[in-house]
Amino acid sequence: MWDALTQIAAREKLTIHQICGIVNQHRVNTSLTSATRVFILGYFRVLAISLERDTPGGSERSIMTRVFRQTEEFRNTPYNNRYVGSL
């Protein structure tokens with residue numbers, strides 16, 4: 001979750017604190033943690049849809065391949081103080 005927030009903050013030129021503040025202003029009847037997770041998922045879904053539109057032919061498969069490649073790379077990378085259950 002923190003890695004995703006860091007990536008979003010860099011793309012949007014905001015701080016994590018600013019993003020959490022914006023999420024907090026928009027959440028209704030839910031915890032900030034839950035609202036933040038939903039925001040992260042929504043952000044990357046929109047990004048994936050955008051990528052899908054920009055990738056010619058068979059984009060669904062290429063996105064799936066990228067996800068699995070990223071997951072495999074993550075599993076083969078030393079944890080470097082990461083929480084073991086994060087993926």
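Axes in this report are lines fitted to C-alpha atoms, for helices over the stretch in contact, and the angles between N-to-C directions run from 0 to 180 degrees. The model is predicted, and for that reason local features need pLDDT of at least 70 and side-chain atom pairs count only at pLDDT 80 or more, while totals for chains, interfaces and linings use all residues. Residues are numbered from 1 along each chain as its sequence is written, and side-chain values use heavy atoms, with hydrogens and water left out.

**Overall make-up**

The protein has four helices and zero strands, where helices (H or I, at least four residues) and strands (E, at least two) are DSSP runs numbered from the N terminus. From the N terminus on, the order of the elements is α-α-α-α. Of the 87 residues in the protein, 18% are buried, with buried standing for under 20% relative accessible area, exposed for over 50%, and partly exposed for values in between (1.4 Å probe, protein chains only). Among the contacts in the protein with a separation of 6 or more, 37% join residues 24 or more positions apart, a contact being heavy atoms within 4.5 Å.

| Helix pair | Angle between axes | Distance between axes |
|---|---|---|
| Helix 1 (residues 2-12) and helix 2 (residues 16-26) | about 100 degrees | 9 Å |
| Helix 2 and helix 3 | roughly 105 degrees | within 9 Å |

Helix 1 and helix 2 are therefore roughly perpendicular to each other, in a scheme where angles under 35 degrees count as roughly parallel, over 145 as roughly antiparallel, 65 to 115 as roughly perpendicular and the rest as oblique. Their contact brings together Trp2, Leu5, Thr6, Ile8 and Ala9 of helix 1 with Ile16, Ile19 and Cys20 of helix 2. By class, the contact of helix 1 with helix 2 holds seven nonpolar residues, one polar residue and no charged residues; Ala, Val, Leu, Ile, Met, Phe, Trp, Tyr, Cys and Pro count as nonpolar, Asp, Glu, Lys and Arg as charged, and the others, Gly among them, as polar.

Helix 2 and helix 3 are likewise roughly perpendicular to each other. Here Ile19, Cys20, Val23 and Asn24 of helix 2 meet Leu32, Ala35, Thr36 and Phe39 of helix 3, and the residues of this contact divide into six nonpolar, two polar and no charged.

**Buried faces**

In helix 1 the buried residues are Ala4, Leu5, Ile8 and Ala9. Seen down the axis of helix 1, they fall within an arc of 135 degrees, so they line one face of the helix, the arc being that of the directions from the helix axis to the C-beta atoms. These buried residues of helix 1 pack against helix 2 and helix 3, whereas Ala10 and Arg11 are exposed on the other side of helix 1.

In helix 2 the buried residues are Ile19, Cys20 and Val23, and, seen down the axis of helix 2, they fall within an arc of 95 degrees, so they too line one face. Their cover includes helix 1 and helix 3 (32-54), while His17 and Gln25 are exposed on the other side of helix 2.

**Loop residues with positive phi**

Most residues other than glycine have a negative phi. Lys13, in the loop between helix 1 and helix 2, has a positive phi of about 55 degrees although it is not a glycine, and Lys13 is exposed, with a relative accessible area of 75%. Asn29, in the loop between helix 2 and helix 3, has a positive phi near 55 degrees and is exposed, with a relative accessible area of 81%.
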